[in-house]
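Have a look at the structure first.

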Protein chains: 2
Amino acid sequence: MPIWEYNGAMARSSTTSDVFNAIAETHRREVLDALIPGEKAVGELVSDLSMSQPQVSKHLRVLSEVGLVKCRAEGRRHLYRLELARLRPFHEWLAKYEQALNDRLDRMEDYLQELQQKESGRET
Amino acid sequence: MPIWEYNGAMARSSTTSDVFNAIAETHRREVLDALIPGEKAVGELVSDLSMSQPQVSKHLRVLSEVGLVKCRAEGRRHLYRLELARLRPFHEWLAKYEQALNDRLDRMEDYLQELQQKESGRET
DNA sequence: TTCACTCATGCCGATATGGGAATATAATGG
DNA sequence: CCATTATATTCCCATATCGGCATGAGTGAA
């Protein structure tokens with residue numbers, strides 16, 4: 001279908017280049033977890049987690065595309081390792097909300113202080 | 001199709017009760033962002049972000065189901081607010097990796113110290 | 001009550017995605 | 001070169017999900 005006849009119906013925003021989507025899948029998070037102790041070959045992951053080999057490979061590919069893991073070939077084994085730096089977007093996203101929370105608390109504190117000052121002003 | 005003839009092909013693990021999946025969608029994260037300043041009605045969200053009303057409502061529903069937002073009815077307006085406490089799963093998940101990172105650094109330090117001791121032992 | 005307003009749902013089409021099975025590709029050992 | 005081991009890729013199906021559109025539901029006002 002030509003793009004100019006585009007219907008308007010489009011599913012999810014064609015992601016998988018997005019860290020948030022990469023970690024959305026339980027199995028993918030399991031793979032990441034399994035890599036915490038350190039570098040592992042695909043086969044090890046397959047037996048550690050109980051997933052099929054193609055399944056693991058595919059998830060590794062997604063994780064790889066978003067940079068959450070890096071691969072190193074050693075002979076015919078492909079060793080994958082975490083790339084923790086790539087969690088940064090997620091970390092920053094989260095931080096934004098903490099910041100917001102703190103700001104709110106600060107404002108509330110200011111408000112309370114203001115109230116107290118008014119109180120003490122009336123008392124003198 | 002009867003369940004006992006179940007083929008084996010199953011798409012994603014039927015989520016949407018998973019916080020990680022809830023924030024996987026860009027639009028959903030936009031909704032959350034829009035709520036940072038504070039409680040807002042659906043209509044406000046619709047005009048702030050430029051999304052259709054049903055679209056916003058549906059995303060709010062998902063966010064609601066995983067507890068990331070709470071709703072309060074005021075007349076015919078439905079006011080949604082962030083439920084920051086629900087960000088905790090993210091924190092914990094992230095912490096696991098930061099912990100792992102620190103542990104690795106510690107181990108490396110230990111290793112270096114060990115090396116130094118061996119060195120100094122040989123030097124005496 | 002009836003109309004207007006605000007939001008939630010249901011239905012539908014298009015698409016993205018995950019998993020299984022089989023197969024291709026790459027590296028190692030004989 | 002051939003067999004084996006270790007991964008990656010392809011094909012296919014069932015399902016999940018998104019967005020648009022129309023409609024239903026709840027509340028307030030005339």
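In chain A, A:Ala41 sits opposite A:Leu79 of strand 3. Before going on, some ground rules: this is a predicted model, where local features need pLDDT of at least 70, side-chain atom pairs count only at pLDDT 80 or more, and totals for chains, interfaces and linings use all residues. Residues are numbered from 1 along each chain as its sequence is written, while chains are lettered from A and ligands numbered from 1 in the order in which they are written.

**The sheet of chain A**

Helices (H or I, at least four residues) and strands (E, at least two) are DSSP runs, numbered from the N terminus. Two strands pair if DSSP finds at least two bridges between them. Chain A has an open sheet of 3 strands in the order 1-3-2, with antiparallel pairing. Strand 1 and strand 2 (69-74) of chain A are at the edges with a single partner strand each, so one side of each has no neighbour in the sheet. The two pairings look like this:

| Strand pair (chain A) | Sense | Bridges |
|---|---|---|
| Strand 1 and strand 3 (residues 77-82) | antiparallel | 2 bridges |
| Strand 2 and strand 3 | antiparallel | 6 bridges |

Within the second pair, A:Cys71 has A:Tyr80 as its bridge partner in strand 3 of chain A. The hairpin of strand 2 and strand 3 of chain A has 2 residues between the strands, and A:Gly75 takes a positive phi near 65 degrees there.

Now for A:Lys40, which lies in strand 1 (residues 40-41) of chain A. Is A:Lys40 buried or exposed? A:Lys40 is buried, because 21 other C-beta atoms lie within 10 Å; the cut-off for buried is 20 or more other C-beta atoms within 10 Å, with C-beta atoms placed from the backbone. Beyond its neighbours within four places in sequence, A:Lys40 is in contact with A:Ala34, A:Leu35, A:Leu45, A:Leu79 and A:Tyr80, contact being C-beta atoms, placed from the backbone, within 7 Å.

**Helix 2 of chain B**

Over in chain B, helix 2 (residues 26-34) has B:Arg28, B:Val31 and B:Leu32 as its buried residues. They span an arc of only 100 degrees around the axis, which puts them on the same side of helix 2 of chain B; the arc is that of the directions from the helix axis to the C-beta atoms. Their cover includes helix 1 (19-22), helix 3 (42-48), helix 4 (53-65) and strand 3 (77-82) of chain B.

**The core and the contact between chains**

A nonpolar core is a set of buried Ala, Val, Leu, Ile, Met, Phe, Trp, Tyr and Cys residues joined through C-beta atoms within 7 Å. The largest one has 34 residues, and A:Val31, B:Val31 and B:Val69 are among those with the most contacts inside it.

Finally, 17 residues of chain B are in contact with 17 residues of chain A. On the side of chain B that touches chain A, helix 5 of chain B gives the most, with 6 residues.

Conventions:
Buried ≥ 20, exposed ≤ 12 C-beta atoms within 10 Å, placed from the backbone. Contact = placed C-beta atoms within 7 Å.
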